[in-house]
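Here's a quick tour for anyone opening this one up for the first time. Take a look at the picture, then read on.

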Amino acid sequence: MGKRLAALVVCLALAAVPARAAGGLEVAAPSALLMDAATGQVLYEKNADEQLPPASVTKIMTLLLVMEAIDRGQLDWETPITASAAAAAKGGSQVYLEEGEQMSLDEMLKAVVVASANDCATALAEAVAGSEAAFVAQMNARAAELGMENTHFVNCTGLDDEPDAASHLTTARDIACMSRELLKHDEIRNYTTIWMDTVRGGQFGLANTNKLVRFYNGTTGLKTGYTRAAGHCLAASAQREGMELIAVVLHCDSSTDRFESAKALLDYGFANYALVTPEAPEALPEVPVVLGTAETVTPVLDMAEPVLVEKAVRNQLEASVELAESVTAPVEQGQALGTLTVTAGDTVIAAVPIVAPERVERLTFFDLFSQILRSACFC
């Protein structure tokens, strides 16, 4: 039998909470989803897999591919981006690029995030892939990698007056998925939290289309959208007390509806859940190593991931640690030595491996012989 320790800890992993079980929460949005950004767990959903046009919320994927191009060194923040004729001709929200005009990637990205500039989005897409069509192929490939099964992009902007726009569709669930991936790039928050700014050396003003940035505490982003076909859409993110949530609402009747729906989702999440990291109830004891060059190994938790806690029960959970009585060398780095198990009643909520932090070599024949000689000399 292994050693066992027990104590109360704050640790709980939650399954998806369907709309009907979310404490009477109601939102006006026809399609909606609330997700925890750290774990990807869904806390609320309503028609979350219905395919709908996303309007400029599309640009979340555009921004993701640009950030990934920066990560791999293809572009950098000061890279000059030149507007093509195609980019300059884009309609809808824009900063009125002229063909041949150059802006730094930094300013182009700011214009896309803050003002939803379609011309800048197209110019960035061309900088990444050479053409918008090639970039759209990358968008769809990345969507497939992320498991966005109900998404098909036909452009990088979300405009619905372009060829094949009727097949430009996604879902609230898929938008939350790509939003979560974008938020893994911390630099994007430097743009998504801007309320007002300028480009072109202060000559062109920008005001954020996401009004939550100014009026909702903890807002970290993310992107609005509107076309006649899509209605008013929003992927909103906010962070409080170390927990970041993503609220997606689609096809709302008005801008007010989308912001109020997103706020209701976020309020619900922050009021009912907290994010914590599993911890051992006390310091883990050393595990003896048989025939090892070290007599013991000090176990550690193996990359304990944050988990969601329902606030109503977070102080009622029990954790236990089970460790091996001993282990025989050689011991590999990362070798399992036990488990931290968190339970709620009879239900196992989380199980975190306990492992060896480093390798312990096995004693050789000559090591053992030397030990025997030393022991004999002391007799």
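Is S93 buried, partly exposed or exposed? With a relative accessible area of 38%, S93 is partly exposed (buried means under 20% relative accessible area, exposed over 50%, and partly exposed in between, using a 1.4 Å probe and protein chains only).

Before going further, a word on the ground rules. This is a predicted model, where local features need pLDDT of at least 70 and side-chain atom pairs count only at pLDDT 80 or more, while totals for chains, interfaces and linings use all residues. Residues are numbered from 1 along each chain as its sequence is written, and side-chain values use heavy atoms, with hydrogens and water left out.

**Around S93**
- You'll find S93 in the loop between α2 and β5 (102-104); helices (H or I, at least four residues) and strands (E, at least two) are DSSP runs, numbered from the N terminus.
- Leaving aside residues up to four places away in sequence, S93 touches A115, S116, A117, N118 and D119 (contact means heavy atoms within 4.5 Å).
- S93 and A125 sit 32 residues apart in sequence, and their C-alpha atoms are 16 Å apart in space.
- Y96 is in the loop between α2 and β5 too, and Y96 has a positive phi of about 65 degrees although it is not a glycine.
- At 53% relative accessibility, Y96 counts as exposed.

**Helix α4**
- Among the buried ones are N118, D119, C120 and V128.
- The cover over the buried residues of α4 includes α1 (59-71), β4 (80-82), α2 (85-88), α3 and α5 (132-145).

**How α3 packs**
- Helix α3 (residues 105-115) packs on α4 (residues 118-129) at an angle of about 135 degrees, with the axes 8 Å apart; axes are lines fitted to C-alpha atoms, for helices over the stretch in contact, and angles run from 0 to 180 degrees between N-to-C directions.
- That's why α3 and α4 are oblique to each other (under 35 degrees counts as roughly parallel, over 145 as roughly antiparallel, 65 to 115 as roughly perpendicular and the rest as oblique).
- L105, M108, L109, A111 and V112 in α3 meet C120, A121, A123 and L124 in α4.
- By class, this contact of α3 with α4 has nine nonpolar, no polar and no charged residues (Ala, Val, Leu, Ile, Met, Phe, Trp, Tyr, Cys and Pro count as nonpolar, Asp, Glu, Lys and Arg as charged, and the others, Gly among them, as polar).
- α1 packs with α3 at about 160 degrees, their axes 11 Å apart, which makes α1 roughly antiparallel to α3.
- K59, L63, V66, M67 and I70 in α1 meet L105, L109, V112 and V113 in α3.
- That α1 contact with α3 has eight nonpolar, no polar and one charged residues.

- A cis peptide bond joins G221 and L222, with omega about 25 degrees, and L222 is found in strand β8 (residues 219-227).
- Another cis peptide bond joins A329 and P330, with omega about 0 degrees.
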